[in-house]
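Keep the viewer open as you read.

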Amino acid sequence: MLYFSRWRAFFIWLVTAVSILIAAPNFVPKDVLNSLPSWVPKSTMTLGLDLQGGSHIMLKLERNDIIKERLETALDDVRSGLRKANIGYTSLVGNGQKLTFKLRDPTQIDAARTALKDMTGLVSVGGLTGGTVQEATLSNTSDGAFEIDLTDQGINYRVQSAVSQSIEVVRRRVDELGTTEPLIQRQGSDRIIVQVPGLQDPQRLKAILNKTAKLTFHLVDNTMSAQDALNSRPPANSEIVYSNDDPPVPFLIEKRAILTGENLVDSQPGFNQQNNAPIVSFRFDSAGAQKFGRVTQEHVGEPFAVVLDNTVITAPVINEPILGGQGQISGNFTVQSASDLAVLLRAGALPATLTVIEERTVGPGLGADSIRAGFIAGIIGLIAVIAFMTFFYGTLGIIANAAMVVNVVMIIAILSMLGATLTLPGIAGIVLTIGQAVDSNVLFYERFREEVKQGRPIVQAMEAGFNKAFGTVIDANVTTLIAAIILFYMGSGPVRGFAITLSIGIVTTVFTAYTVSRLMVAIWLRRTRPKALPKGIRTGFFDFAQIRFMALRNYTFMGSAALTIASIAGFATIGLNLGIDFTGGSIIEMKAKQGAADIGDIRDRLGTLNLSGVQVQGFGDPSDVLIRVQSQEAGESAEQSAVTKIRSEFDAQYEFRRVEVVGPSVSGELALTGIIGVGLALLAIMVYIWFRFEWQFAVGAIVATLHDLILTIGLFVFTGLEFDLTSVAAVLTIVGYSLNDTVVVYDRMRENLRRFKKMPIPLLIDTSINSTLSRTILTSVTTLIAILALVVFGGEVIRGFTISMLFGVAVGTFSSIYIAAPVLIIFRLRPGGNRDDEEEKGAAKIETQAV
């Protein structure tokens, strides 16, 4: 009933008021917000990196480093274990995850197995994965040949432990930079995501994260010179390590470290009092201080080397014992590099190398532009939709607009409560919700008009309109929600932000349409007590539509088939203009600090950097330029090296507004994820429609959706729009929207199948489409208006995303009429009911003339 008890009405207004209160801090300056009483909500949405600027970096822990370290440890364990047991051996070598050796005396096989039994024992993994793992297995032959294999299970355990340790080290390093609210979390088994908002120097962040920072102190081997060791062979217990000088200087140092960075408790940058050169001072803990003092006392007059990540930083001579546990490291430091080294030493060493395999950096300037563009697009879209609904529905349109505004407020409130991140595609999701929010009200109102035409009183007609349309509203929104949920789980970063806002928008749309809008309609009915339809409703001209859509089905099928074949052929021959998300490589957006960008000069200078596959093009304003660099062949590190070269070359004349780098491994995974996401969405939606309707409806919906997907792919093929992760988001949203419209038409067909049991299917389909035509056109137009605002005012960053959405909405509207419906005729929805003879055609002619 349209009757609302006081408590129910109070609850609805309370939810609305609380939503306004929670959403309000997003529009209040921070200084004002901080001065308000403590009981006032102060939580706000977190702006994504694409809006406030910052860096998103994905790091991969190098598994080979862990394997190499484990192999070296195993070799040492074998040597020490056999030496303690007085067992002679020969040919001890390690390769990959395997090491081999042979006993001099085969009769000592049992003794050797006993000496090495600890290496093959079970290791408790505690709370990491639970249970135990065996890190190595041992086998031997009767002639004394042994083989020890490091198990994959053991290596996996070490990798997981190393990732956990690395996260803590990375967090300490990032915190030392003084950044606010960084996000550092594990992804998968061997990756770490680092998101640092508002970062001004992403190169410094990457430099700090890339370094393992293993600090060791070694005595220099004076038994022979480094050059002689290079020309012949270094002693067994020594090795050649080079300095960071230019050119590098070789040092012959002992392999065994006398001290490691684990004994450090503090390190600070400073200046040498004699020459004012930058240095790093350090301090050991008590155990380290005692050991350092003893070693320096025993080796006065001898040089020792300070080694960082297998590079000699400095190799001073010990002039006197260093007993205080303090020292300083000098070398070719700048003020910045000395400060960074101090940060690394304080944070601790990483257990293995972390390689940057994905980077997305947005400068604060571009972030501000994106906020402004998204805000303008949202306001314009909102105003346009409000004007459109007011024109067609008058007072009821104003009610729908008020519910839509409450809807947007609730989205912002929920995002604020969840602490969710608002991205630029997320703003697009809100704008899309604005366009679709009126759909539920249009369905209610058009049902209301139908009931009035059938002679029901106004109040009963409105109640019946809400009740009959509610099932359709749920079915139509569930399909879009399925696509959004899959997009959330399969996507990442800004795409996930879009999925969150779209999902929340769908839920709030249904809630506001069935509660807020319905309550306001009830209040309007109670106060005005209308006896007839309000004069402000201007959708009555749709009532006279008697369009014979199915009479054209053969022509539309042929046209759609031709476009579909052309799209498939274009995809097979021309192909998609794949973005770096799927191909790997780099995109760099630069803005000239003065005047227009000189594209010719940029191309010439890039040609000297020895980079493969570089493209330069104008982008937006004359001062903006976009550089695309194909994936380099030398692996993950080569992508970062390419960006570093470009930054060094153009940093003086250009502002780097956006940098995106995707390594080969990530791009392959993203491509597979996109394909799986679209496939899962189609499967889940088909199952839902099959459950809610007959099987023919499910088949028709999937055929129509595939038609929309293929034509959208054709748009990307023939226009050359870049196809990236946001394009996958657009495709999945088009899937949801296309089915939204199709479900509304199908729902009316299902109702008419029960009402008109002998009506031929073609005529029944035409009747159903004509009766929902007003809803189809009004919802499509409001959605197109909102998306068009994004296309025009949303900025270049999401231009491809919004254009494909605009195209998809138009194609989805077409397919719900001319693809989804005729399929039901082909699959004989009603056996024997597909009569389309001359008599029916004559009737169609008469009806058309009457119109």
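## Phe282 and its contacts

Leaving aside neighbours within four places in sequence, which residues is Phe282 in contact with? They are Phe217, Leu264, Asp266, Ser267, Gly325, Gln326, Gly327, Gln328 and Ile329, where contact means heavy atoms within 4.5 Å. Phe282 itself sits in strand E16, residues 278-284. Helices (H or I, at least four residues) and strands (E, at least two) are DSSP runs, numbered from the N terminus.

Phe282 counts as buried because its relative accessibility is 6%. The cut-offs are under 20% relative accessible area for buried, over 50% for exposed, and partly exposed in between, with a 1.4 Å probe and protein chains only.

## About the model

This is a predicted model, in which local features need pLDDT of at least 70 and side-chain atom pairs count only at pLDDT 80 or more, while totals for chains, interfaces and linings use all residues. Residues are numbered from 1 along each chain as its sequence is written, and side-chain values use heavy atoms, with hydrogens and water left out.

## The chain as a whole

The chain has 27 helices and 27 strands, and its C-alpha atoms fill a box of roughly 110 × 70 × 60 Å along the principal axes. Of its 851 residues, 51% count as buried. Among contacts between residues at least 6 apart in sequence, 74% join residues at least 24 apart.

On the charge side, there are 73 positive and 76 negative side chains, with Lys and Arg counted as positive, Asp and Glu as negative, and His and the chain ends not counted. The centres of the two sets lie 11 Å apart, taking the place of a charge as NZ of Lys, CZ of Arg, CG of Asp or CD of Glu.

## The second largest pocket

The second largest pocket holds about 2,000 Å³ of space. Glu69, Glu72, Lys214, Thr216 and Lys255 are the closest to its centre among the 46 residues that line the pocket. Helix H4 (63-84) is one of the elements that give two or more residues to the lining, and the largest share, 10 residues, comes from H4.

A pocket here is an open set of points on a 1 Å grid over the protein atoms alone, where a 1.4 Å probe fits, with protein on both sides within 12 Å along at least five of seven lines; lining residues have an atom within 4 Å of a point. Grid points are joined across faces, edges and corners, and the volume is the space filled by probe spheres set on the points.

## Two loop residues with positive phi

Asn310 lies in the loop between E17 and strand E18 (311-314). Its phi is near 65°, a positive value in a residue other than glycine. Asn310 is exposed, because its relative accessible area is 57%.

Arg529 is found in the loop between helix H15 (494-528) and H16. Phi of Arg529 is near 45°, again a positive value in a residue other than glycine. At 59% relative accessibility, Arg529 counts as exposed.

Ser560 lies in helix H16, residues 553-573. Is Ser560 buried or exposed? Ser560 is buried, with a relative accessible area of 6%. Beyond four places in sequence, Ser560 touches His707, Phe814 and Ile819.

Arg799 belongs to helix H25, residues 799-818, and is partly exposed at 23% relative accessible area. Not counting residues up to four places away in sequence, Arg799 touches Val791 and Val792.
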